[in-house]
Amino acid sequence: MRSFVDVDPDSHFPLENLPFGVFKPADDKEGRPGVAIGNFVLDLSEIAAAGLFSGPILSGNSQCFFQPSLNMFLAMGRPAWKEARMTIQKLLSADEPTLRDDQILRKKSLFPMDQVKMLLPVRVGDYTDFFCSMYHARNCGTIFRGPEHAIPPNWFHLPIAYHGRASSIVISGTDIIRPRGQTHPVGDSHPYFGPSKKMDFELEMASIVGTGNALGTSVNVNEAYDHIFGFVLMNDWSARDIQAWEYQPLGPFLGKSFGTTISPWIVTLEALEPFACDCPKQNPPPLPYLTESRSKNYDIKLEVRLKPAGETQESVVTRSNFCNLYWTATQQLAHHTINGCNLNPGDLLGTGTISGPDPESLGCMLELTWNGQKPLTLQNGSTRSFLEDGDEVTLTGYCQGEGYRVGFGECSGRILPAPK
């Protein structure tokens, strides 16, 4: 597909993608919804103000594009999402003159990406983090409990999760302050208290809930697709030493809640559909409420780069793929609601660390260095057991099509020292 906007072949944002986000121009205080195309952002409030959302659903309901978040748009459901995507795709096409030949509207509605500030795309009311990679579960279990108790028996029957902290979800590019907390005592001493010595990243993705469900109702697993708007990259920063001391019996708390970074662009399921693939065989077969007519993942190539403080050279430390997940995003959502829990537009459902079967596909430092026992050597010759102050971590991901990519951009953050 061709757009009148120049799009590099390696761009993450061709006409086939059109991810949604929220941005504000450098000289404006208000955020507004936008769509990425090449190196530009299309201002949807200007498109709506010009009356160009003229389809049967959005013609009288384009107020959703004058909001500081995408929540109102998400609540409208898949028919509205598809109508908006089709309208935008047509407007940006090379052979469509409406926007292409209107120089005034083009100037008002297309902003170079380097001249805008990206904001959180949704108002996240609730955040749940799952634990859906069998490889990650096995490796972490082996490290903490030994190979004979690596994966608990319930793991193969349900997508395990915990309720995270929505208030500390931040947009890509936000610095993360090293947390302080308690860690394991040594011998008969009191627990250590101070800055975490085992700061880690986690290579994750997260689904963004579109339409929710009423309290007391559940979503059928074969209908869960229509409740998911799309995906973002996610780094669920972790303090492994704090986590190891606190996680029994109720799971992660301060070792996780200090910061979670997401990428600014939500890639829709429509854009990802050409890259759908089968998920791993689930054995034993899931219970009926988790049995899908077709279980699918997406062929999303994922990468993590680490740049030490004061350096310009990055080192690729992980290459994985979304298809490595054992439990699908639709199973995660259906399981989340089976007890009658209500989800709302903008809720964030993290996948858990996406590790693969190979050493280079492990999705966090805990696994890559085997809890610090096997330090990584970076390209500049330095080593890392865990993240150090000043280290910058960047997640990226894309699907490769015939001559184009559908990508997610970047999800990055830098570690700052703990407060004194």
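**Entry 1, a helix.** I noted at the start that this is a predicted model. I began with the packing of α6: its buried residues pack against α10 (365–368). Which residues of α6 are buried? I listed Met134, His136, Ala137, Asn139, Cys140, Gly141 and Ile143. Next I checked the length. Helix α6 covers residues 134–145, which is 12 residues, and at 1.5 Å a residue it should span 16 Å. I found its end C-alpha atoms 16 Å apart, so the two values agree. Just after α6, I looked up the backbone of Gly146 and read a positive phi of about 95°.

**Entry 2, a sheet.** I traced five strands in an open sheet. Their order is β4-β3-β2-β1-β5, with antiparallel pairing. Which strands stand at the edges? They are β4 (110–112) and β5 (116–119). Each has a single partner strand, so one side of each has no neighbour in the sheet. From one strand to the next, the twist averages 45°. For Val22, I found the bridge partner in β2 to be Pro33.

I turned to Asn283, in the loop between β18 (276–278) and β19 (296–298). Is Asn283 buried or exposed? Its relative accessibility is 56%, over the 50% cut-off, so I put it down as exposed. Leaving out residues up to four places away in sequence, Asn283 touches Phe156 and Tyr326. Asn283 and Phe156 are 127 residues apart in sequence, but I read 7.2 Å between their C-alpha atoms.

Methods:
Residues numbered from 1 in each chain as written. Predicted model: local features only at pLDDT ≥ 70, side-chain atom pairs only at ≥ 80, totals over all residues. Heavy atoms only, no water. Helix = DSSP H or I, 4+ residues; strand = E, 2+ residues; numbered from the N terminus. Expected span 1.5 Å × (residues − 1). Buried < 20%, exposed > 50% of the residue type's maximum accessible area, 1.4 Å probe, protein only. Contact = heavy atoms within 4.5 Å. Pairing = 2+ DSSP bridges. Axes fitted to C-alpha atoms, helices over the stretch in contact; angles between N-to-C directions.
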